[in-house]
Amino acid sequence: MSTINPGLGRLLAGLGGALLIISLFLEWSESDAGVSQTGWEALTVSDVYFLITGVFGLTAAITGGRFGFFRPDLSMNATADIFAVVAATLLGWLLLFDWPSGASRQAGAYLALVAAAAIATGAGDFKIKSLFPKLPDRSRTS
């Protein structure tokens, strides 16, 4: 018996993807001078990576992860999961150790971390039956 719930996993991956994209347009930091920045303004290159991760989360949820990405044996679930784990690690590092001095952390940055964790959890929690047909069992020879 499997403990994996595909409906819940797809829902988590999809909601996480949407939240990650939305969080990029929310306030991430506020300086001492009162100037606030969104995720697009505060980040240089990683904002594009977070956008791609959000799109992969949505794609995995919509397609059910049945399509491969660059390789036929690497499902969209696996791709979204890998991207989201790296995104959550980057966001955790940014929030804990690499935040710009003189700027305070705002809700958008924390929402992005929660969204990346939701994508990773959701995409890693649901699986497809098989991308390829099962091979015959050769151990049972007569």
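The following conversation goes through some terms used for this predicted model.

Modeller: Residues are numbered from 1 along each chain as its sequence is written, and side-chain values use heavy atoms, with hydrogens and water left out. Because the model is predicted, local features need pLDDT of at least 70 and side-chain atom pairs count only at pLDDT 80 or more, while totals for chains, interfaces and linings use all residues.

Colleague: Why is Phe-50 called buried?

Modeller: Buried means under 20% relative accessible area, exposed over 50% and partly exposed in between (1.4 Å probe, protein chains only); Phe-50 has 2% relative accessibility, so Phe-50 counts as buried.

Colleague: What makes Tyr-49 count as partly exposed?

Modeller: The relative accessibility of Tyr-49 is 21%, and therefore Tyr-49 counts as partly exposed.

Colleague: Why is the pair of Tyr-49 and Phe-50 called edge-to-face?

Modeller: Rings of Phe, Tyr and Trp (its six-membered ring) pair if their centres lie within 6.5 Å, and planes under 30 degrees apart count as stacked, over 60 as edge-to-face and the rest as tilted. The centres of the Tyr-49 and Phe-50 rings are 6.2 Å apart and the planes stand at 65°, so this pair is edge-to-face. The structure holds six aromatic pairs, and Tyr-49 and Phe-50 belong to one aromatic cluster with Trp-28, Phe-56 and Phe-83.

Colleague: How do you know that strand S1 (residues 27–31) and strand S2 (residues 36–38) pair?

Modeller: Strands (E, at least two residues) are DSSP runs, numbered from the N terminus, and two of them pair if DSSP finds at least two bridges between them. S1 and S2 have three bridges, in the antiparallel sense, and Glu-30 stands opposite Ser-36 in S2.

Technical notes
Helices (H or I, at least four residues) and strands (E, at least two) are DSSP runs, numbered from the N terminus.
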